[in-house]
Amino acid sequence: MGFFSILVMAAALILILYPIISRGLSAYIFRATSEHRRVQFTEFGIGSAQEIERETAEVTAARQPVFDMIVAHEKDLKAELQEAVDQVHALAAAEGGFLQRSLERRLKRAHADASVEEYLTVLTDVRKSLEGQFDRERFTDVITLITERKQRVEVETKKLTEMKHALRDLLGPLPGDRITELLRSHYGQTRWDRCLHYQDKFLYRYEWDYSNPELSGLKMRTPRVEDFRGTDLEPAFAYVRDNLEAMMQPRLTLYWQFLTTDSRDAHFFGGIWPEVLGTFYLTIGAMLFAIPIGVIAAIYLCEYARPTKTVSLLRSCISTLAGVPSIVFGLFGLAFFLNTISVSESKSVLAGSLTLALMILPTVIRASEEAILAVPFTYKEAALGLGAGRWRTVLTVILPAALPGILTGIVISMGRAAGETAPIIFTAAVSVGLALSPLQTLNSPTPALPWNIYNLCTEHEAVDEIRHVQFGMVFTLVALVLMLNIIAIALRARISRKLRG
Amino acid sequence: MKKMFKKIANCAAAAALTAVMAGPVCAGETIVMDGSTTVGPIAKAFAEFYMRQNPGVNITVGESGSGNGAKSLMNKTCQVANMSRFMKDTEFKAAADTGVMPVAHVVALDGLPILVHPSNAVKNLTVAQVREIFMGKITNWKQVGGPDLAIVSVSRDTNSGTYECFNELVMGGEKIGERTEYVGSNGAIRQRVQSTPAAIGYAGLAFVDDTVKALSINGISASEATVRNGTYPIARPLFMFTDGYPKLGSHLHRLVTLCLTEEGNSMIKETGFIATTDY
């Protein structure tokens, strides 16, 4: 029976821990592309400049054929429009006078380097001004030509824009793109798994077929190459399909900086250091407040308090407090520490630590009490018999003997403090913030792992892009709690060994 | 119990004292932003941009909902309350009572798209239809030209500014039906809709991606032009509230007016919202 229950427990543990570890580790160990190394170098100064330069050159060379094909395709499109532009030129020259000047001024923008879009706007302008003439019948031919060419090219441009968009998602900004403010538009995919996802989105167009009104639409997958049959762009798709490795240069990487660097652009890039540090501060802070108060309270209850009704009431109150849901502590912390006595101007690590301390206090008190009560009565009698005072007895005999038990309580509550989300939502946690210095913890809020895991999975605007960060955080939190526990257990073992002499 | 609280209070008071004394020693400035999850992407982008430009300033962004943002501002626990709705009378009064004068800064415009699962054949609904769906009067997609599926309506929680706006612009005094689900954030709405073929929900423009389908309303889809000129019927401004107008040239002032600069403009557009000014 006992064996069976252990087996069930082990199975459950593996069931829970396996995905956490396997998916969580993928935030640390994954096939990183050249984009990842470029992010690391430009944003965090990690890596050697020469290496990056060499790699960028290689990658750019591998990508260049696609870019060239786009340019060639655009040139074709422009050539189609150029005919209309030439016609307008001829018309302007024939008309002379004001109309010529006005047309020529507009046409000036359609020079050899201008984009297809620019050509289209110019032609729209020209058509408008021709249509505005009182004798517009004379220009019918040109207007028809412009309209027809424009229509055809506009359809093609729309497809091209979609394709470029998909390519941009994969590779990052294309040559000639304006670099914008948000970092996510500066780089392509940093992870090979995401690369494959976006490669698929580049190669195939997903559309919904609503032809049967009775049923839900069906997802249809059409190769994007169909849009560009017979154009210069046609080979681009086979090229991207076959040469993605050369274009992205994926390499299996141990990304330990995930733990030690801060995040960029709302967790799109970089690591989780501020969150880890925040969790650390909150846990340590909570322990700083809870341990002394808790142990002192336990000493009072066991050694000093007379067994009156009030004390037993107090005891049951403490037990009840241990069962209060953590969100209640969170709201209490907000109402008491922040709004009533304002320990800090805003949410802060201090307020969060105090709230967490309150939450774990009952556990610490109960565990300490049990530990103190478990110390054999003979110890106390011996100490008192040797003439030690009550306080001295507690300090030198009872506490050391009870220490292992007290530590156990502390270990359990430490894990709880590190992992609780509810108490810190209103008192300490924010979704974006810098890593704090110890002094800043007194008045600044901090990101913290439990809250940011929740935030990333429900509130972040691009959840699906950064799943790996979320799993990495979960893994780190579990590892952190495990580590704290192991340290405490080791400490405990050492102390008990010492005690046994 | 009393004794314990006394001890804790003492301890807290001591800590508070340390905090006050340590205050001036702290280098740099902390600006705390709290509130709407809808304004969140803009606030996060602004915060990071500003911190990159001004090292030493620590800007934190919390996303707890517009209502909580307003409460934080009146409790003076944040300097900027991000809100996806305007402050209510009661909030203004409560703020004035605590000596806080909320000043609104419009940072961006939002189209509040109505979202359905991409497999849903419905392309367009009228405001009246959306209202009736959320009231529970229309219960099957068949009634509005879609597949034969019972509608699952998903709404934001009542703390949300997006909920208030939806209530005002779409429901117009009618009550949201009992069968509507309530979820806590824009992201949660999207996740519910992308995983439920019969779902309908609403969220900020920045939260629309290709896993959900934004419907056109009264035949008009939400775009920069239709939101700005008011033809898209469910549009609204997004706010940052401060206590009084911030001191000119201060970090706070530059942060909340970042939306007027070219960089701010481009960030707003990139997150998916619509900038108030054009460059």
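## Helices 7 and 8 of chain A

The model described here is predicted. In chain A, helix 7 (residues 192-203) packs with helix 8 (residues 234-248) of chain A at an angle of about 160°, and their axes are 10 Å apart. Since angles over 145 degrees count as roughly antiparallel, helix 7 of chain A is therefore roughly antiparallel to helix 8 of chain A. The crossing in which helix 7 of chain A passes helix 8 of chain A is right-handed.

On the side of helix 7 of chain A, the contact is made by Cys195(A), Gln199(A), Phe202(A) and Leu203(A). Helix 8 of chain A contributes Phe237(A), Val240(A), Arg241(A), Leu244(A) and Met248(A). By class, the residues of this contact between helix 7 and helix 8 of chain A are seven nonpolar, one polar and one charged.

## Helices 3 and 4 of chain A

Helix 3 (residues 49-95) and helix 4 (residues 97-107) of chain A pack at an angle of about 155°, with 7 Å between their axes. Helix 3 of chain A and helix 4 of chain A are therefore roughly antiparallel to each other. Their crossing is left-handed.

The residues that helix 3 of chain A brings to the contact are Val85(A), Val88(A), His89(A), Ala92(A), Ala93(A) and Glu95(A). From helix 4 of chain A come Gly97(A), Leu99(A), Gln100(A), Leu103(A), Glu104(A) and Leu107(A). The residues of the contact of helix 3 with helix 4 of chain A comprise seven nonpolar, three polar and two charged.

## Helices 10 and 13 of chain A

Helix 10 (residues 273-304) of chain A packs with helix 13 (residues 349-374) of chain A at an angle of about 40°, with their axes 6 Å apart. That angle makes helix 10 of chain A oblique to helix 13 of chain A. Helix 10 of chain A passes helix 13 of chain A in a right-handed crossing. The residues of the contact between helix 10 and helix 13 of chain A divide into 24 nonpolar, six polar and one charged.

## Domains of the two chains

The domain assignment of chain A gives domain 1 (60-161) and domain 2 (269-500). Taken over C-alpha atoms, the centres of domain 1 and domain 2 of chain A are separated by 71 Å.

For chain B, the domain assignment gives domain 1 (29-109 + 237-275) and domain 2 (114-228). The C-alpha centres of domain 1 and domain 2 of chain B lie 27 Å apart. In chain B, 16 residues of domain 1 are in contact with 15 residues of domain 2. Helix 3 (residues 66-74) of chain B gives three residues, the largest share of the side of domain 1 of chain B that touches domain 2 of chain B. That side of domain 1 of chain B has five nonpolar, ten polar and one charged residues.

## Sheets of chain B

One open sheet of chain B consists of six strands in the order 2-1-3-12-4-13, with mixed pairing. Its edge strands are strand 2 and strand 13 (274-275) of chain B, each of which pairs on one side only. Strand 1 and strand 2 of chain B run parallel and are joined by five bridges. The bridge partner of Met33(B) in strand 2 of chain B is Val61(B).

Another open sheet of chain B has five strands in the order 8-7-9-5-10, and its pairing is also mixed. Strand 8 (181-183) and strand 10 (213-214) of chain B stand at the edges with a single partner strand each, so one side of each is left without a neighbour in the sheet. Strand 5 (residues 114-116) of chain B pairs with strand 10 of chain B in the antiparallel sense over two bridges. Leu115(B) has Ala214(B) as its bridge partner in strand 10 of chain B.

## Contact between chains A and B

Between the chains, 55 residues of chain B are in contact with 48 residues of chain A. The elements that give two or more residues to the side of chain B that touches chain A are helix 1 (2-22), strand 1 (29-35), helix 2 (40-53), strand 2 (57-61), helix 7 (186-195) and helix 10 (262-271) of chain B.

Helix 1 of chain B provides the largest share of that side, eleven residues. By class, the side of chain B that touches chain A has 28 nonpolar, 19 polar and eight charged residues.

Note on methods. Residues are numbered from 1 along each chain as its sequence is written. Chains are lettered from A and ligands numbered from 1 in the order in which they are written. This is a predicted model: local features need pLDDT of at least 70, side-chain atom pairs count only at pLDDT 80 or more; totals for chains, interfaces and linings use all residues. Axes are lines fitted to C-alpha atoms, for helices over the stretch in contact, and angles run from 0 to 180 degrees between N-to-C directions. Helices (H or I, at least four residues) and strands (E, at least two) are DSSP runs, numbered from the N terminus. Angles under 35 degrees count as roughly parallel, over 145 as roughly antiparallel, 65 to 115 as roughly perpendicular and the rest as oblique. A crossing is left-handed if the near helix is turned anticlockwise from the far one by less than a right angle, and right-handed if clockwise. Two residues are in contact if their C-beta atoms, placed from the backbone, lie within 7 Å. Ala, Val, Leu, Ile, Met, Phe, Trp, Tyr, Cys and Pro count as nonpolar, Asp, Glu, Lys and Arg as charged, and the others, Gly among them, as polar. Domain bounds come from an automatic or database domain assignment. Two strands pair if DSSP finds at least two bridges between them.
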